[in-house]
Amino acid sequence: MSVQDTPVATLGSADEELRRATLLAIGPERVGEEIEVVVDALGDVSWRVRKDAVSLLLSAPDLDLVARRLVSVLMTDTHVGRRNAAVEALCQMGAQAVGPVAEALALGGEHRKFLIEPLGAIGDARAPVQPGDPAPDFTLPAVEREGSVSLADYRGRSPVLLALFRGLY
């Protein structure tokens, strides 16, 4: 049974179990052809559907395709739940996610803050910064004044504590 053969209402149904069953019917071997449906399920209101979507993505035969699509979610999607589930999936994917994540990180841009977490959780030696390395310079919007603040403003002058809170942006 193809997702295209199921009623559109099935995936948008209020019945959580029906959404889960539809998602799981895709199966690992068809994740590549149905990847948009599975990625969309990462933003479902039900944590169980989101968890099933992560598991399904991680069971796909082409994890490079999955990693690249999850990275694109982090770079473009504004749905916080979908982004958080994509981060979770990339973290669970481990070393296979490092290449696509590092490539996207090198592009720069605001999405970088979402890409750092999987790299840190994976802890692969190919990650751009390792524990003990000097922190790369960065610039962020200032919280208590106009303008921005940069690590270069404080390097060598005082300690800097940077706290990133997931889900508060």
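Of the 169 residues of the protein chain, 38% count as buried, where buried means under 20% relative accessible area, exposed means over 50% and partly exposed is in between (1.4 Å probe, protein chains only). This is a predicted model, in which local features need pLDDT of at least 70 and side-chain atom pairs count only at pLDDT 80 or more, while totals for chains, interfaces and linings use all residues. Residues are numbered from 1 along each chain as its sequence is written, and side-chain values use heavy atoms, with hydrogens and water left out.

**The overall layout**

- The protein chain has eight helices and two strands; helices (H or I, at least four residues) and strands (E, at least two) are DSSP runs, numbered from the N terminus.
- Walk along the sequence and you get the pattern α-α-α-α-α-α-α-α-β-β.
- Take the contacts in the protein chain between residues at least 6 apart in sequence: 57% of them join residues at least 24 apart. Contact here means heavy atoms within 4.5 Å.

**The nonpolar core**

- The largest nonpolar core has 36 residues. Such a core is a set of buried Ala, Val, Leu, Ile, Met, Phe, Trp, Tyr and Cys residues joined through side-chain atoms within 4.5 Å.
- Leu23, Leu42, Leu57, Val66, Leu70 and Leu90 are the ones that touch the most other members.
- Two or more residues each come from helix H3 (35–41), H4, helix H5 (63–76), helix H6 (80–93), helix H7 (98–106) and helix H8 (112–122).
- H5 gives the most to this core, with seven residues.
- Leu70 touches Leu42, Leu57, Ala86, Ala89, Leu90 and Met93, if you skip residues up to four places away in sequence.

**How the helices pack**

- Two packed helices are described by the angle between their axes and the distance between the axes. Axes are lines fitted to C-alpha atoms, for helices over the stretch in contact, and angles run from 0 to 180 degrees between N-to-C directions.
- Angles under 35 degrees count as roughly parallel, over 145 as roughly antiparallel, 65 to 115 as roughly perpendicular and the rest as oblique.
- For handedness, a crossing is left-handed if the near helix is turned anticlockwise from the far one by less than a right angle, and right-handed if clockwise.

**H2 with H4**

- Helix H2 (residues 16–24) and helix H4 (residues 47–58) have axes that come within 10 Å and cross at roughly 5°, which makes H2 roughly parallel to H4.
- On the H2 side you'll find Glu16, Glu17, Arg19, Arg20, Leu23 and Leu24, and these meet Arg48, Val49, Asp52, Ala53 and Leu56 in H4.
- The residues of this H2 and H4 contact split into five nonpolar, no polar and six charged. In this count Ala, Val, Leu, Ile, Met, Phe, Trp, Tyr, Cys and Pro are nonpolar, Asp, Glu, Lys and Arg are charged, and the others, Gly among them, are polar.

**H5 with H6**

- The axes of H5 and H6 come within 9 Å and cross at roughly 145°, and the crossing is left-handed.
- H5 brings Leu63, Val66, Ala67, Leu70, Val71, Val73 and Leu74 to meet Arg82, Arg83, Ala86, Val87, Ala89, Leu90 and Met93 in H6.
- That contact of H5 with H6 divides into 12 nonpolar, no polar and two charged residues.

**H6 with H8**

- H6 and H8 pack at an angle of about 25°, with their axes 9 Å apart, so H6 is roughly parallel to H8.
- H6 passes H8 in a right-handed crossing.
- Arg83, Val87, Leu90 and Cys91 of H6 make the contact with Phe114, Glu117, Pro118, Ala121 and Ile122 of H8.
- The residues of the contact of H6 with H8 come out as seven nonpolar, no polar and two charged.

**Three residues to look up**

- Leu65 sits in helix H5 and is partly exposed, with a relative accessible area of 34%. Leaving aside neighbours within four places in sequence, Leu65 is in contact with Gly32 and Ile35.
- Arg68 touches Pro100 and Glu103, not counting residues up to four places away in sequence.
- Gly147 lies in the loop between strand S1 (139–141) and strand S2 (148–150), and counts as exposed at 53% relative accessibility. Gly147 touches Pro141 and Ala142, again not counting residues up to four places away in sequence.
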